[in-house]
Amino acid sequence: MSAAATGAGPASAPPVGPGPVWDVVNGLAAFGALSAALELGLFDALVAAGEPGLPPAELAAAVSAADADAVALLADVLVSLGLLTGDGRAVRLLPVAERFLVSGSPASMAALGRLSPGPWSGWQQLAATIRTGAVPAGTRDELTAMYPALVSATAPTQRAVATGVAAALAERGLWPAAPRVVDLGCGSGAWLAALLADRPAATAVGVDLPGVLPVARQTVAGLGVRVTLVEGDYLEVDVPRGSADVVVLAHVLRAEPAERARRLLLRALELLAPGGVVVVADYPRPDPVAAPDPGRDAVLAGARHELLLSLTMAAATDGHGLTLADLRSWAADGGARLTDVLQPVPRQTVLLIRPDSSTATER
Ligand SMILES: C[S@@+](CC[C@H](N)C(=O)[O-])C[C@H]1O[C@@H](n2cnc3c(N)ncnc32)[C@H](O)[C@@H]1O
């Protein structure tokens, strides 16, 4: 054990404090605070109050809470977490909360904030899952049951991402006047709706499991025959090969074990028409390194969001997230390559993968 760790070092080297440990332990309490505030409608109450904000007693009344002292404590916690601001008398929203935590905001994460960690049982049993290599059946079932709510909760964010992707495809000459789109694992249908809104002559096929497809059906109801929804496993269902200009794989690869993810990417490539592109939206975690890298800690610290979202997959699915190295290698197996890494909105990564045949002339 090092002198610093035992606290027995020279006076000039202060003992290591437990701050990072407490920060991690308190992560659960911070999530609980956010979750409770969302459930109480605290951010919505503050947006209604406007610029002066609300004193805790009035905030408690606005969210129908009997315990005004606990509301004051919760508000102080949310100030400490950088979501609210106050002067000791009243609290009000910071811009980040107004944009992402108010339920009516176009970029709202109010529903997603509570659902994003997935089934709680997955976290309680993570050590056992890692030890045995198998996610408990009950956790899988919980995730399947959560999917309709989860995909609805991500819809505002994913609409914004897809709108940004349409612009990026157009800039690259990859977005024809009447594009044919296939979305494998289409979830809420947010991508289909946003992409088709950008091109009135576009048509699309969306694939998802029976429990989720009704959510997509509702989203695309106004698009009539322009969208065909197909129920079933995206590796199995019948979708015409060689005819899509854009195939979307949004937040599906990371939840699949490596071999199924590879097959899914290869399938997406097979669906493309000449000149087409596969759009992968995901949270790629850092590639493994071939040799020791003294800067590795900093790389991982910078990728905490992607790493924790990958661990979220490991807690409830057969997937462990994915890396760009995975994608490059699978794409190469399909005669394609990763051509672009985009960030249409902050914290949302989108990768473009194109067959070598269509990029050869551009090199
Ligand atoms: C995290 S959601 C992503 C939804 C959407 N692509 C998005 O980005 O908003 C994953 C979706 O994949 C669907 N899914 C999972 N396994 C599937 C399978 N084997 N076949 C078809 N869809 C599947 C789920 O039902 C869910 O809608």
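How many residues surround the ligand, and which are the closest? I counted as near any residue whose C-beta atom, placed from the backbone, lies within 6 Å of the molecule, and I found 19 residues around the ligand, with Gly 185, Gly 187, Tyr 234, Ala 250 and His 251 the closest.

I noted that this is a predicted model, in which local features need pLDDT of at least 70 and side-chain atom pairs count only at pLDDT 80 or more, while totals for chains, interfaces and linings use all residues. Residues are numbered from 1 along each chain as its sequence is written.

By class, I find 11 nonpolar, six polar and two charged residues in the ligand shell, taking Ala, Val, Leu, Ile, Met, Phe, Trp, Tyr, Cys and Pro as nonpolar, Asp, Glu, Lys and Arg as charged, and the others, Gly among them, as polar. Helix 10 (137-171) supplies the largest share of this shell, four residues; helices (H or I, at least four residues) and strands (E, at least two) are DSSP runs, numbered from the N terminus.

Next I looked up Phe 43, which lies in helix 3 (residues 42-49). Phe 43 counts as buried because it has 26 C-beta neighbours inside 10 Å, where buried requires 20 or more other C-beta atoms within 10 Å, exposed means 12 or fewer, and partly exposed is in between, with C-beta atoms placed from the backbone. I also recorded that Phe 43 and Leu 84, 41 residues apart in sequence, are 9.0 Å apart in space, C-alpha to C-alpha.
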